[in-house]
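Please keep the sequence and the structure in view while reading.

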Amino acid sequence: MLSNSIVQICPNIFPIMPIIRVALDVPVATLFDYLASDATAQDIGARVQVPFGRKLMTGVIMEVSACSSVSPGKLKPAAHIFHDVPPLPLALLDLCRFCSDYYHHPLGEVMMNALPGRLRSSKPLVQKSTTTFQFCFTDAGRAADTASIPARNIVQNHLLARLRESGVISHEEAKQLSPRAPKALQKFVTLGWVKEVPIHPASVTKAVSGPALNTEQQSALAAIAADISEFNAWLLHGITGSGKTEVYLRLITLLLLQGRQTLVLVPEISLTPQLEAVFRARFPTTLLVCLHSRLNASERVNGWLQAQQGEAKIILGTRLAVFTPLPKLGLIIVDEEQDGSFKQQDGLRYSARDVAIFRARQTNVPVVLGSATPSLESYYNAINGRYRMLRLSSRAVKNAVLPTVHCVDTRAAKSKDGLSQPLIMALEKCLARNQQSLIFLNRRGYAPVLLCKSCAWTATCHRCASRLVVHLREKQLRCHHCGHQERFPSACPECGDQDIVPFGHGTQRVEAVLTERFPDARILRIDRDSTRLKDGWERMLKDIYEQRVDILVGTQILAKGHDFPNLSLVGILNSDASLFSTDFRAAERLFVQLMQVAGRAGRANIAGEVLIQTEFPDHPLYHALRRHDYDTLAQMLLTERKMAGFPPFVYQALLRAEAPQINAALDFLASAAAMAESSREVEVFDPVPAQMARLKGLERAHLLVQSGSRKKLQEFLTAWHTKLVTLPVRKVRWALDVDPQEF
Ligand code: ADP
Ligand code: ZN
Ligand code: ZN
């Protein structure tokens, strides 16, 4: 690769005015040349407006050169180079080049994907002052008689709770809490309860002190700290509640003292508010920005610019944040590294975790992958020495122990409406002790199937190869894959019989069953339907923390990251389905999920219990779960994968195709396979329909390619890709998915 900081000189061509090579958001794997009389090497990384077809487009200058393969007469002049914000750093351009090469995706699309929306637009950015304010709780505020605030004044009470907890709240955070929060804060200022202080990026960083570290935390911290200035991939394997976050916080403190930035990647947005509060409480004077897809355009670009200018020292974000320019990057943390949401499933199908590792190596800084249940890929890398493994094997809080896990054999135990007798009894006991319990099942809606009892018809989505889910309260059938909704039929469309019934259990149904069984209990359902409202999830979390809930019913959104101090019982329903899936990752995913849910119980001083309803209590997965034994199961799964030739023992890529007719997709893949030069090192499989064979009205198929060598696979893909783009595509949409997670 040519060094991009130097203007390239071509001696054999007439010196003409500088040419800029521009990355544009078009699905073609090439840069576009334009004349730009005033361009210099300093403009590499700047945004530029250029004529493209009949319109003007905004792109990024990747190179400045004195020559072009396009004849001078055909070159058009660029319209305008933007100088509203500093050009993108060269390291970021390199990161995008890497992604473009590795994922075989057009560089222009990768570049534009990395930019916040505002910077993709054709309007120059008018920068407002980036000084951020925060409100600190004063002694007067702490001493004030806040009981005088009526309970119905939710915003003020909410703010006070937050202030009491963390001592500060930023203007941005307050706005996220409620649009009325800034006004309420002004009132507090008048009352002298809070003080408004600007966050000076350059101000001395002050960390509030945390708990004294236990021995394992200390050695993990010491190990990473000893090599803090160089690249290493660390796998911090710590059970739930072992205090991984505390290790992150100490590492960040170290980096702040050096004036360097830390990038913290978290899987999902629902995790961010809690973690954000913890971080802000620990570093009240540090500029921390959150970057995720739910920010509005100006919030996002502001945070991004504060990061690019080196002012923001902590960048907390979801996968897209991995592309934030960070001039003083000193450390990357990937929390819950095994989480599937780090992988983008459309467009540029990148894994933010893997890009983070590349970026850490490129910048020569450490990357810490944290997890209670590492992905088998990372675990394998750690046991064979490519990553360095650190363990936290006990819970950090004194007296907190891991919950006991039991299986309830549903073949023997009587169950009614999906809940077995032992689980009902455990729930009763829990209620009597005023402790919280959680019923976990990964299926929202009322029932997963609508069934005709006389002819066995089931309701299916006409656009997807899936069943429609019964949503009883809304009297609707819904497809959870494409969002299609229809009215509940009054009779079977096949045989006309009116005896059609919901079959199986979803969260709504379990909620209904529990309400009937425990009429006095306060029951809260938490799934994507119930948390859809803005702030819905945060409000629910607050209710849980403040003990206004007895029984939680929820899906996997409950499983992650949350710390429920009063939760002592977890009941798991319907997990058997994933035991015998055709997806080779299903067992790993189930285990991760169950370990996570089980980890919710008994976090503080309460002994926890987990009951799993299953027909296969002897399955090795449940055995491992009962002993909290990640390692044994991981070794077993690795052995299986090795024998079957699955990742991490091979590297895979999937050529995906979708079309209105399955034959069009399969034909395309067959032609693609015919162009592939398979070798001893690279295996090309036959085209097959995807697991989800129809989605949103399109038939889907794919072709798997794999190799024991990542390098060989990449070489193959590069050669193959140049041929694929020449294939005629009538009504077929295709994409290459490198390191696919779903089939
Ligand atoms: P993890 O991220 O590993 O699941 P957390 O970092 O959330 O665990 O820690 C769980 C709980 O333990 C938190 O409430 C945290 O404040 C507490 N904690 C962490 N380290 C210590 C420590 N050394 N001493 C006491 N409490 C700790
Ligand atoms: Zn019927
Ligand atoms: Zn559908």
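In this predicted model, Cys461 counts as buried because its relative accessibility is 3%. Buried means under 20% relative accessible area, with a 1.4 Å probe and protein chains only. Cys482 also has a value below that cut-off and is buried.

| Residue | Relative accessibility | Class |
|---|---|---|
| Cys461 | 3% | buried |
| Cys482 | 17% | buried |

Cys461 lies in the loop between β20 (449–452) and β21 (469–471), and Cys482 in the loop between β22 (476–478) and β23 (485–487), so the pair ties together parts 21 residues apart in sequence.

Elsewhere, helix α8 (residues 215–226) packs against helix α9 (residues 244–257) at about 35°, with axes 10 Å apart; helices are DSSP runs of at least four residues, strands of at least two. Gln217, Leu221, Ile224 and Ala225 of α8 meet Glu246, Val247, Arg250, Leu251 and Leu254 of α9, where contact means heavy atoms within 4.5 Å.

Residues are numbered from 1 along each chain, and ligands from 1 in the order written. Local features need pLDDT of at least 70 and side-chain atom pairs 80 or more, and side-chain values use heavy atoms.

Technical notes. Axes are lines fitted to C-alpha atoms, for helices over the stretch in contact, and angles run from 0 to 180 degrees between N-to-C directions. Buried means under 20% relative accessible area, exposed over 50%, partly exposed in between (1.4 Å probe, protein chains only).
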